[in-house]
Number of protein chains: 2
Amino acid sequence: LTTECQKKQVAFVVYPGVTALDVVGPLQVFSDLEPYAPQFQPVVVAEHLGTMATDTPLSVVPRHTFDDVPEPSIVIVPGGFEATIRAMGSEGIRDYLLSVAETADVVGSVCTGALILGAAGLLEGRRATTHWAFYILLEKLGATYVHQRWVEDGKFITAAGVSAGIDLGLHLAGRLTNEDTARLVQLRIEYDPEPPFGPIDWSKVDRDLLAPILKQYVATELADRPELRAKLEA
Amino acid sequence: LTTECQKKQVAFVVYPGVTALDVVGPLQVFSDLEPYAPQFQPVVVAEHLGTMATDTPLSVVPRHTFDDVPEPSIVIVPGGFEATIRAMGSEGIRDYLLSVAETADVVGSVCTGALILGAAGLLEGRRATTHWAFYILLEKLGATYVHQRWVEDGKFITAAGVSAGIDLGLHLAGRLTNEDTARLVQLRIEYDPEPPFGPIDWSKVDRDLLAPILKQYVATELADRPELRAKLEA
């Protein structure tokens, strides 16, 4: 039996407009890990309680505020589109991340969640990844963008866009327990992917496709955060 | 511009205890399809409104009741574990599925959601799939289990366990629009999977692993559904 005081909390940070799969991919992995490794307890945290919209028609409800979970062992920050640019300017999220990053063993992100870590200054001088279309913003925040499914640098681990959170979750499950246990979780969620049109052909992807839109979102969503905006517009 | 009356609703059915990724995988795909094909409008429906637990610490909130969405163009039923065995006995869900199956173009499921379709009698004599550990129950409901990532039979399309809903979603996106559009959605959600420990080695999987537990859940969760129970225990 694992007593409460031995629990290591795995905190998933949510905020209005978050991309649903960014959260649910790794959250499902950690929920399915719990029967084998009950010391890792997934929790969903937000600055305030209450029903929260996502970028899908499904709204979600976090169970804890940041104050309820002051020292998670692991923290994972999911991404989104304009909602995440806005969240980069949230003082509540920044203060929480700066605080938990001091004591957590692992500070992670999925997709543009890396930009929230970056806005808090946590990725300066580090190798990191994010959603392919947002790499410019990550570099403006002092990180070196690496095009990999996930990137580890010290206690920081960042995943590529949206669905990469599942791979990040399974990788972490293996690191925190062992490969056999992670494979059991993989089997539970039957993660044996068959993208119907094959893998992404990166040679055909224009990574600067969204640059004009990003510029616009930085201007509107961070209108009241001149220092951060200056960095991103430099 | 797409007027409301041209909208084709893609209804995701949720119920208490549902597996979060079963819903959110294909829901994310259809939400990211909407900018390119606004006629397909994802909606989340349930028998009753209100906050609903999932099998993760994240609760979800459907926006519509079954009555609000009487004729979706597509309906997708996600799965779960004991919660899904219980949902197989829900008259509200069965009546809704029997009704929408008459007019819908596509009736789909993810994971054990196929058992709910099966319990409604919709998969009798059909080829179908489900989560690997539940194939026995699917066959008891008159379907022929096929071990594939997704299986199409007439208007019915069933996906394998949990994460297979993403592949099903992208396949449907391609079928409803075209391959280029589905590839754009794939790129948006950066679905270029790299399972950290490789694919599942099916030669090592005992598909009857859960048989004793399934027997128990059928007995307890369907205690007041003697006809359905008799079929599953035959």
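**Entry 1: the interface**

I noted at the start that this is a predicted model. Next I looked up the buried area. The two chains bury about 5200 Å² between them. Carbon and sulfur atoms make up 62% of that area. On the chain A side, I looked for the residues that lose the most area to chain B. They are A:Pro57, A:Glu190 and A:Phe197. Together they account for 16% of what that side buries.

**Entry 2: what holds the list of contacts**

I checked the charged pairs between the chains. The count of salt bridges between chain A and chain B is zero. I checked polar contacts too, and the interface has 40 residue pairs of that kind, both residues at pLDDT 80 or more.

**Entry 3: strands across the chains**

I followed E3(A) to its partner in the other chain. E3(A) pairs with strand E3 (residues 59-61) of chain B. The sense is antiparallel, and there are three bridges. One position I wrote down is A:Val61, which stands opposite B:Ser59 in E3(B). A reminder to myself: strands of a sheet pair through backbone hydrogen bonds, either parallel or antiparallel.

**Entry 4: the sheet of chain A**

I traced the strand order in chain A. Seven strands form an open sheet, in the order E4-E2-E1-E5-E6-E10-E9. The pairing is mixed. Strand E4 (64-65) and strand E9 (150-153) of chain A are the edge strands, and each pairs on one side only. Inside the order, I picked E5 (residues 74-77) and E6 (residues 106-109) of chain A. They pair in the parallel sense over four bridges. In E6(A), A:Ser109 is the bridge partner of A:Val77.

Then I looked at the helices. H1(A) packs on the sheet and touches E1 (8-13), E2 and E5 of chain A. Its direction makes about 165 degrees with that of E1(A). Helix H3 (residues 91-103) of chain A lies across E1, E2, E5 and E6 of chain A. H3(A) runs at about 145 degrees to E5(A).

**Entry 5: the sheet of chain B**

I traced chain B next. Its open sheet has seven strands in the order E4-E2-E1-E5-E6-E10-E9, with mixed pairing. B:Val45 has B:His64 in E4(B) as its bridge partner.

**Entry 6: salt bridges**

I searched the whole structure and got 24 salt bridges over all chains. One of them joins A:Arg225 and A:Glu91, with the closest N and O atoms 3.9 Å apart. The two residues are 134 residues apart in the chain. A:Arg225 is in the loop between helix H8 (211-221) and helix H9 (226-233) of chain A, while A:Glu91 is in helix H3 of chain A.

Definitions and conventions
Residues are numbered from 1 along each chain as its sequence is written. Chains are lettered from A and ligands numbered from 1 in the order in which they are written. This is a predicted model: local features need pLDDT of at least 70, side-chain atom pairs count only at pLDDT 80 or more; totals for chains, interfaces and linings use all residues. Side-chain values use heavy atoms; hydrogens and water are left out. Buried area is the accessible area (1.4 Å probe) that two parts lose on being put together, summed over both. A salt bridge is a side-chain nitrogen of Lys or Arg within 4 Å of a carboxyl oxygen of Asp or Glu. A polar contact is a pair of N or O atoms within 3.5 Å; within protein, one must be able to donate a hydrogen and the other to accept it, and residues adjacent in sequence count only if both atoms are side-chain atoms. Two strands pair if DSSP finds at least two bridges between them. Contact means heavy atoms within 4.5 Å. Axes are lines fitted to C-alpha atoms, for helices over the stretch in contact, and angles run from 0 to 180 degrees between N-to-C directions.
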